[in-house]
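Morning, everyone. Please have the viewer open.

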Amino acid sequence: MKRPVEGKSRLRGAVVPERHPELVLALAHDTLSAVTSADGVRRVLVVAADPASVADLTELGVEIVAEPSRGGLNAALRFGAELLRRDTPDGLVGALQADLPALRTEDLTAALAEAAGRRAFVADRQGTGTTLLLAGAGRPLEPRFGAGSARAHTVSGAIPLTIGAESLRSDVDTADDLAHVRTLGVGKRTSAVLGTPCVVM
């Protein structure tokens, strides 16, 4: 995660400027609330540019680590995967976007089950990006997030998962994305910031 004040630049204007960091944190909080409640999830790391700026997320039982000084998103995800592998070498490791405020635990659980230990990914609802990348024991995560990441992950050998899982495919980058997740029902924190009814996760 970037510092909340810097994150989600394409969402600026969705709330008054002084509440933008609060919205960014709310998206992450609701995402992580669903993740930490999902069956089979044992440990969650948040790799952050500025751990102090997202420290409130620790109330969910997640660990926050500082990202490497160079390399960008994919380097940060490789770093996080390496930390997880040290303690759970036989487990399934995943990289999940922190902007899925409508995420349902059952959708994440279904994705973990379909992956069945393979290197696999979930494409976003537009079919071009990636919201979740998974790799089983003995398999490198090899994240290739960025523009066209769904194709990049496919070319690299990752298997695209076929489950519907609309809440897992609905990340939030733009005002249109935000409008879409509001129709699905967002979590409590995002709901509070936006002033909309929430869904019980």
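Start with strand S4, residues 120-123: two bridges join S4 to S6, and the two run parallel. Helices (H or I, at least four residues) and strands (E, at least two) are DSSP runs, numbered from the N terminus. Strands count as paired if DSSP finds at least two bridges between them. Phe 121 sits opposite Pro 160 in S6.

A word on the source. This is a predicted model, where local features need pLDDT of at least 70, side-chain atom pairs count only at pLDDT 80 or more, and totals for chains, interfaces and linings use all residues. Residues are numbered from 1 along each chain as its sequence is written, and side-chain values use heavy atoms, with hydrogens and water left out.

Now the whole sheet. It is open, has four strands in the order S3-S5-S4-S6, and its pairing is mixed. Strand S3 (93-96) and strand S6 (159-160) are the edges, each pairing on one side only.

S3 pairs with S5 in the antiparallel sense, over four bridges. Val 93 has Ala 135 in S5 as its bridge partner.

Last, the packing. Ala 111 touches Val 122, Leu 132, Leu 134, Leu 161, Ile 163 and Leu 168, not counting residues up to four places away in sequence. Contact here means heavy atoms within 4.5 Å.
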